[in-house]
Amino acid sequence: MRERLRFEGCIAGIGTSSGARIVLGHWLRSPLGTFSDVMLEQADGQRVLLAPTPDAAEFVAGTYVFDEILVVPVEVSVTDTVWTVDAGPLHLRFTTGRRGALGLLLRAVPRPVAAHPLWVTAIGPPARLLRGVRTHGSARPGRHEWYGAHDLRPITTATATLDGEHLGGLAAVEPPVRFGFGSTPRRPSLVQVTTTVERESATAETNAGDVN
């Protein structure tokens, strides 16, 4: 048996001149409630997950691949176009700019249509023209994701520190992040998104455990 779980919120993808890349997930509605998490790939390739609860850490780590997982408070505040993120050793502040033609195009698609896996799959080939963008795929065996984008704004400034050390200025998300299946534009962006994750249902997993 399979089940589909929906997460509605935003994904911010940011690169830094030091080579670190940061992906913030800010989820307003999800099966885990409202929460935020940060996926960080350092310049040396170390992949770190910063998650606010053990349940969130378990779910995200079951979907993506990390070298280190930290359960730490993840707090996000938004004032107009300014986002501030405090996540354990990471402090991030960034601003967004005006949406461009692509953001306007995404907003023109009715939300139920844009979020539907059939639509997300259909627009996958043209979406690949944007470097770093994938609309659906698998990160770990047994799971599949669809990213239904509703809006996009450029990130125009960003500052970040990790353990008190500055990560440098805003840069492209390059090379692409290696958390498994991940999708963030090469140009730093904030994307409003509905993410659908398909996995084995909890009932099926429990029954499998009973058999074993």
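The structure is a predicted model, and the values below were computed from it. A search of the whole structure finds five aromatic pairs, and there is one cavity of 30 Å³ or more.

- Threonine 194 belongs to strand 13, which covers residues 189-200.
- With a relative accessible area of 1%, threonine 194 counts as buried, because that value is under the 20% limit used for this word.
- The side chain of threonine 194 makes a polar contact with the side chain of histidine 150, at a distance of 2.8 Å.
- When neighbours within four places in sequence are left aside, the residues in contact with threonine 194 include Arg6, Phe7 and Glu8, as well as Trp146, Tyr147 and His150.

**Aromatic pairs**

- A pair of aromatic rings is described by the distance of the centres and the angle of the planes.
- Among the five aromatic pairs found in the structure is that of phenylalanine 7 and tryptophan 27, whose ring centres lie 6.0 Å apart and whose planes meet at 75°, so the pair is edge-to-face.
- This pair links distant parts of the chain, since phenylalanine 7 lies in strand 1 (residues 2-16) and tryptophan 27 in strand 2 (residues 21-29), 20 residues apart.
- Phenylalanine 7 and tryptophan 27 are both buried.
- Tryptophan 83 and phenylalanine 94 form a stacked pair, with 5.5 Å from centre to centre and 15° between the planes.
- Here too distant parts of the chain are linked, with tryptophan 83 in strand 7 (residues 82-87) and phenylalanine 94 in strand 8 (residues 90-96), eleven residues apart.
- Tryptophan 83 is buried, and phenylalanine 94 is buried as well.
- One aromatic cluster is formed by Phe7, Trp27, Phe35 and Phe59.

**Charged groups over rings**

- Arginine 4 lies over the face of tryptophan 146, at 4.7 Å from the ring centre.
- The charged end of arginine 143 sits over the ring of phenylalanine 59, a member of the aromatic cluster, and is 4.8 Å from the centre of that ring.

**The largest cavity**

- The volume of the largest cavity is about 270 Å³.
- Of the 22 residues that line the largest cavity, those closest to its centre are Trp27, Met39, Tyr64, Glu145 and Tyr147.
- The elements that give two or more residues to this lining include strand 1, helix 1 (54-61), strand 10 (144-162) and strand 13.
- Strand 2 gives the most to the lining of the largest cavity, with four residues.

How values were computed
Residues numbered from 1 in each chain as written. Predicted model: local features only at pLDDT ≥ 70, side-chain atom pairs only at ≥ 80, totals over all residues. Heavy atoms only, no water. Buried < 20%, exposed > 50% of the residue type's maximum accessible area, 1.4 Å probe, protein only. Polar contact = N/O pair within 3.5 Å; in protein donor to acceptor, adjacent residues only side chain to side chain. Contact = heavy atoms within 4.5 Å. Phe/Tyr/Trp six-rings, centres within 6.5 Å; stacked < 30°, edge-to-face > 60°. Lys NZ or Arg CZ within 6 Å of the ring centre and 35° of its normal. 1 Å grid on protein atoms, 1.4 Å probe; cavity = no way out; pocket = protein on both sides within 12 Å on 5 of 7 lines; lining within 4 Å. Points joined across faces, edges and corners; volume = space filled by probe spheres on them.
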